[in-house]
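This briefing covers strand pairing in the structure shown below. The points are grouped by topic.

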Amino acid sequence: MSRTRTTSLALAAAAAAGAMSLAPVAATATPLPLAGSTTVTPAGHAFKATLSGKATLKAGSVTVTCTVSVSTGSVPAAPGNTNPAGPVSSPISPPTYSSCTSSMPGVTPTVTTSGAWKVSMQNGSPVTATMTVPTGGLVLKTTGLAVCTVTAAPSGPASVPGTWTNGAPPSLTFTNASVPVTVTGGFGCPTSATASIFNAVYKVTDTTNPAQQITVGP
């Protein structure tokens, strides 16, 4: 056998051995860890989330501040209030926003909401909360010196990250949460903005039995 052919066979064998040695590495790749278990109690109880302080929505250089906001919902009935490997979700009413002012002088904002909203809780340290805004589920309009329309979640449902704190009452907090938006309008409208920054703290009460607290745990 020629020296060239012998060398070629040796290289082919080495390549095959290398491929075989790499195969087990790919086959034994570590899977991503599963989310921990979550239980929300009391099962089936209705709740009310009431704004504590103020809620702000900032798009570009314009900030809208609302001092009244309310949403209602209910904890899923058992066994739906427990998820052994992930969050527990509850439908909520579209949050209402009123008593709103704008950082722009001479401008009056109005916020309307609609569609199927929900909130999901994932036990952990901290407990994480995700509010889902349906497509076009929040529309902010201004009148006066600047006539603008801000539409949240314009291209599809948007997830707004927050945290949940157990307590008496428990609280749901959104800190500098980014919400995709589109802005239309004329002079003074932040039409280049593609996101609104949302800040709010809600206190949550059990309306089925006010003596109890809505609690998120493992």
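In strand 13 (residues 158–165), Val160 is the bridge partner of Met131, and strand 13 pairs with strand 10 in the antiparallel sense over seven bridges. Strands here are DSSP runs of E with at least two residues, numbered from the N terminus, and two of them pair if DSSP finds at least two bridges between them. The model is predicted, so local features need pLDDT of at least 70 and side-chain atom pairs count only at pLDDT 80 or more, while totals for chains, interfaces and linings use all residues. Residues are numbered from 1 along each chain as its sequence is written, and side-chain values use heavy atoms, with hydrogens and water left out.

**Strand 10 and its partners**

- Strand 10 spans residues 127–133 and is mostly covered, with five of its seven residues buried (under 20% relative accessible area, 1.4 Å probe, protein chains only).
- Strand 9 (residues 117–122) runs antiparallel to strand 10, and five bridges join the two.
- Within this pairing, Lys118 has Thr132 in strand 10 as its bridge partner.
- Strands 9 and 10 form a hairpin, with four residues between them.

**Strand 4 and its partners**

- Strand 4 (residues 62–74) is joined to strand 2 (residues 46–51) by five bridges, and the two run antiparallel.
- Ser74 in strand 4 is the bridge partner of Ala46.
- Strand 3 (residues 55–59) also pairs with strand 4 in the antiparallel sense, over five bridges.
- Cys66 in strand 4 is the bridge partner of Ala55.
- Strand 3 and strand 4 make a hairpin with two residues between them, and Gly60 in the turn has a positive phi of about 60°.
- Six bridges connect strand 4 to strand 7 (residues 96–102), again with antiparallel strands.
- Ser98 in strand 7 stands opposite Val68.

**The sheet 5-1-16**

- Strands of a sheet pair through backbone hydrogen bonds, either parallel or antiparallel.
- Three strands, in the order 5-1-16, form an open sheet with antiparallel pairing.
- Strand 5 (82–83) and strand 16 (215–217) stand at the edges with a single partner strand each, so one side of each has no neighbour in the sheet.
- Strand 1 (residues 38–41) pairs with strand 5 over two bridges in the antiparallel sense.
- Asn83 in strand 5 stands opposite Thr38.

How values were computed: Buried < 20%, exposed > 50% of the residue type's maximum accessible area, 1.4 Å probe, protein only.
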